[in-house]
Structure formats: C-alpha cells, structure tokens
Amino acid sequence: MLKKVEAIIREDKLNEVKEALKEMGIVGLNVFEIRGHGRQGGISLVGRSGSYQVDLLPKIQVNIILSEQNLEEVIDAILRSAYTGEAGDGLIFVLPVEEVIRIRTRERGHDAVMYPGDIDERKGRITK
Ligand SMILES: Nc1ncnc2c1ncn2[C@@H]1O[C@H](COP(=O)(O)OP(=O)(O)OP(=O)(O)O)[C@@H](O)[C@H]1O
Ligand SMILES: [Mg+2]
C-alpha cells in the first residue's frame, strides 16, 4: 500500500526536515511553497499605521509518496525536525495513493518509487 505524506512546515525548517529524511533513506520528494492558515487564522502585525491582520502565512508543503511500512518512521522524523513548540509548527496529512507510474520504464506501484540506496534497500527488504 502506497501513502502520500503532505507535511506543512515552517519555511525555516525545510533544510532540517530535508536532512532528516535524507539521512533515513527517503530519496524521492517534492516541495511546494504554499500559503495558508490554521486555527489562529493568521497573525497580527504592528505597522506604522497600527496593527493589521495577515491571514495567509507562507509555509512549505513537503510531499512524499512512500510505502506504508516506512510511514511511521517518516512521520517521526518530520515531527522531530519540524518542531519548535510554538503555534504554527504545521500539520502532517496522510493520504492513500491509488497508483504511481514511472514514465520511462512503465514500472508501477512500489517499483516506481524504489531508488538505489533508499530506505528499503538499506534495510535489505525484498520489496517485489
Ligand atoms: N484544515 C486544513 N487544511 C489544509 N491546510 C491546512 C489546514 N489547517 C492548516 N493548514 C495549513 O497548515 C498550516 C499550519 O498550520 P498551523 O501550524 O498554524 O496549525 P494549527 O492547527 O493552527 O496548530 P498550532 O496551534 O500549532 O498553530 C497552515 O498555515 C495552513 O497552510
Ligand atoms: Mg496555528
């Protein structure tokens, strides 16, 4: 079973999160620059003409398609590397993935998200 992790994190935590994922053998990922708000609805900033509300704050969305067996480990790594303890640390969404197809080889499913030296290969897992 393939899953998608969408981690919404602070912009200044991207490097730490990327490093943590790389260290554990997560190879494929992509990143969006997004804007949004959580339960505080944004933040209040003080400017020259008084305070004003910024309702959409910039965040980074890290997207990873991975096999379910690596899910908890990846969540753990993100929780550790994206944490400050302050409001706005972000959220992690987990979604089921219907199919993945590598265009060059037409490999599908798990085979399409296998990479040399990745987390499964390191653990000596037979994944076919
Ligand atoms: N329900 C949602 N759906 C999609 N994106 C969301 C949702 N809630 C929050 N987000 C995105 O996640 C980001 C992180 O939100 P944030 O960390 O402020 O979460 P929170 O729930 O308010 O927790 P905290 O109290 O720690 O701030 C938001 O800026 C927004 O981009
Ligand atoms: Mg918040």
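Mentor: Ala, Val, Leu, Ile, Met, Phe, Trp, Tyr, Cys and Pro count as nonpolar, Asp, Glu, Lys and Arg as charged, and the others, Gly among them, as polar. This is a predicted model, where local features need pLDDT of at least 70 and side-chain atom pairs pLDDT 80 or more, while totals for chains, interfaces and linings use all residues. Residues are numbered from 1 along each chain as written, chains are lettered from A and ligands numbered from 1 in written order, and side-chain values use heavy atoms, without hydrogens or water.

Trainee: What volume does the largest cavity have?

Mentor: A cavity is a set of 1 Å grid points over the protein atoms alone where a 1.4 Å probe fits but cannot get out. Searching the whole structure turns up one of 30 Å³ or more. Its volume, the space filled by probe spheres on points joined across faces, edges and corners, is about 120 Å³.

Trainee: Which element gives the largest share of that cavity's lining?

Mentor: The lining (residues with an atom within 4 Å of a point) has 15 residues, with I26, I65, L66, V113 and D118 nearest the centre. By class that's eight nonpolar, five polar and two charged. Both β5 (57–67) and α3 (119–122) supply at least two residues, where helices are DSSP runs of H or I, at least four residues, and strands runs of E, at least two, numbered from the N terminus. The largest share, four residues, comes from β5.

Trainee: Which elements give two or more residues to the lining of the largest pocket?

Mentor: A pocket is an open set with protein on both sides within 12 Å along at least five of seven lines, and the largest one has a volume of about 560 Å³. Its 23 lining residues include G38, K59, G88, D89 and G90, nearest its centre. They split into eight nonpolar, eight polar and seven charged. The elements giving two or more are β2 (30–36), β6 (91–96) and β5.

Trainee: How far is an oxygen atom of ligand 1 from a polar backbone atom of G90?

Mentor: There are 14 residues around ligand 1 (a heavy atom within 4 Å), and R39, Q40, G88, G90 and L91 come nearest. A ligand oxygen sits 3.3 Å from a polar backbone atom of G36, and G88 has such an atom 2.7 Å from a ligand oxygen. For G90 the distance is 2.7 Å.

How values were computed. A polar contact is a pair of N or O atoms within 3.5 Å; within protein, one must be able to donate a hydrogen and the other to accept it, and residues adjacent in sequence count only if both atoms are side-chain atoms.
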